[in-house]
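Subject: Structure handover

Hi,

Here is the structure I promised to pass on. My notes follow below it.

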Amino acid sequence: MSVVETERGDGIMVIRMNRPDRLNALSTQLREALADAWTEFDQSPDLEVAIFTGTGRAFCAGEDMKESLARGSPGSASGPQPARSNPYNDGGLDKPVIVAVNGYAMGGGFMLAERADLRVAVRGAVFESSEAKRWLLGGYYHGHCGNLSHTIATEMAFAFRFTAERLYQLGFLNRLTDPDGLMPAAREMAAHLLTLPPASRVNTLAMMRAMRARVPAELEALADQLKEHGAKEDLMESRQAFAEKRAPRFKGWSHPDDRKRTPKLPPR
């Protein structure tokens with residue numbers, strides 16, 4: 001059984017993550033297969049629109065915690081990297097992507113959904129930006145880049161869960177459907193895109209992506225400092241506690257005074 005299933009036809013490529021027993025968690029094997037699929041989509045002259053979805057109860061549960069624990073280091077960036085880059089993750093595609101969220105979209109799975117140009121989800125799907133649970137800094141940029149209000153962006157950064165219904169009300173999702181209507185709705189959007197003049201589709205996509213909000217450089221620099229602020233042991237403790245289904249025993253700070261040394265922007 002392939003961990004990524006693909007379908008091609010009428011200018012559309014469906015890319016489907018297929019690890020339902022692990023809620024499509026991003027293992028090394030799955031990341032490799034996704035890089036291959038997105039590279040094919042990018043390079044094919046016959047494929048113009050992608051639909052990205054998952055199998056089972058989840059779109060994608062994010063980081064594969066079992067792999068991280070076995071490796072002894074957190075996150076996919078610390079493990080083996082795919083042999084080729086993934087143009088979807090790198091933002092290198094000049095073709096539109098429609099994400100069809102069939103269930104849980106958590107952590108890295110939330111980020112995969114967030115990268116898409118258009119978003120369809122089943123009612124009852126659950127979304128979570130999980131960084132605050134696993135790292136020393138929460139998902140500070142998701143709500144900002146999604147043009148959400150500051151209070152909603154703060155809620156998202158602190159890893160509160162959102163239903164698909166609520167994200168639709170907030171403008172984060174384009175369509176809500178019943179499970180049987182998910183792929184038809186995504187295909188309907190793809191079919192509309194394919195009726196447009198090719199240059200119009202490419203140029204409009206480039207313009208809309210250029211208009212996406214970005215985190216200013218000074219705030220990215222602050223984020224780099226904050227990612228180093230705190231006891232690094234807590235990175236693996238969060239994952240160990242998750243695997244053992246227990247409450248985490250966080251250390252918080254290597255030295256108690258470190259809390260008072262939180263990096264901040266200089267006064268204006």
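**Around Ser130**

Ser130 touches Met106, Gly107 and Ala159, leaving aside residues up to four places away in sequence. Please keep in mind that this is a predicted model. Ser130 sits in the loop between β8 (126-128) and α5 (131-134). Is Ser130 buried or exposed? Its relative accessibility is 10%, and the cut-off for buried is under 20%, so Ser130 counts as buried. The side chain of Ser130 also has a polar partner: the side chain of Glu128, at 2.6 Å.

**The sheet**

There is an open sheet of 6 strands with mixed pairing. The strand order is β1-β2-β3-β5-β7-β10. β1 and β10 (175-177) are the edge strands, each pairing on one side only. On average, neighbouring strands of this sheet are turned by 20° against each other, direction ignored.

Start at the β1 end. Strand β1 covers residues 4-9 and strand β2 covers residues 12-17. β1 and β2 pair in the antiparallel sense, over 6 bridges. The hairpin of β1 and β2 has 2 residues between the strands. There, Asp10 takes a positive phi near 55°.

Now the β10 end. Strand β7 (residues 118-122) and β10 run parallel, joined by 3 bridges. Val120 has Arg175 as its bridge partner in β10.

Helix α1 (residues 28-43) lies across β1, β2, β3 (49-54) and β5 (97-101). The angle of α1 to β2 is about 175°.

**Salt bridges**

Side chains of opposite charge can pair when their charged atoms come close. How many salt bridges does the count come to? The count is 20.

Next comes Arg212 with Asp117. The closest N and O atoms of this salt bridge are 3.9 Å apart; the cut-off is within 4 Å. Arg212 is in the loop between α10 (198-210) and α11 (217-226), while Asp117 is in the loop between α4 (108-115) and β7, so the pair ties together parts that are 95 residues apart in sequence. Arg212 has 34% relative accessibility, so Arg212 counts as partly exposed. Asp117 has a relative accessible area of 21%, so Asp117 is partly exposed as well.

Then there is Arg261 with Asp258. In this salt bridge the closest N and O atoms are 2.5 Å apart. Asp258 counts as partly exposed because its relative accessibility is 21%.

Finally, the network. Which residues do salt bridges with shared partners join? Glu5, Glu7, Arg16 and Arg187 form one network in this way.

Over to you.

Definitions and conventions: Residues are numbered from 1 along each chain as its sequence is written. This is a predicted model: local features need pLDDT of at least 70, side-chain atom pairs count only at pLDDT 80 or more; totals for chains, interfaces and linings use all residues. Side-chain values use heavy atoms; hydrogens and water are left out. Two strands pair if DSSP finds at least two bridges between them. Helices (H or I, at least four residues) and strands (E, at least two) are DSSP runs, numbered from the N terminus. Buried means under 20% relative accessible area, exposed over 50%, partly exposed in between (1.4 Å probe, protein chains only). A polar contact is a pair of N or O atoms within 3.5 Å; within protein, one must be able to donate a hydrogen and the other to accept it, and residues adjacent in sequence count only if both atoms are side-chain atoms. Contact means heavy atoms within 4.5 Å. Axes are lines fitted to C-alpha atoms, for helices over the stretch in contact, and angles run from 0 to 180 degrees between N-to-C directions. A salt bridge is a side-chain nitrogen of Lys or Arg within 4 Å of a carboxyl oxygen of Asp or Glu.
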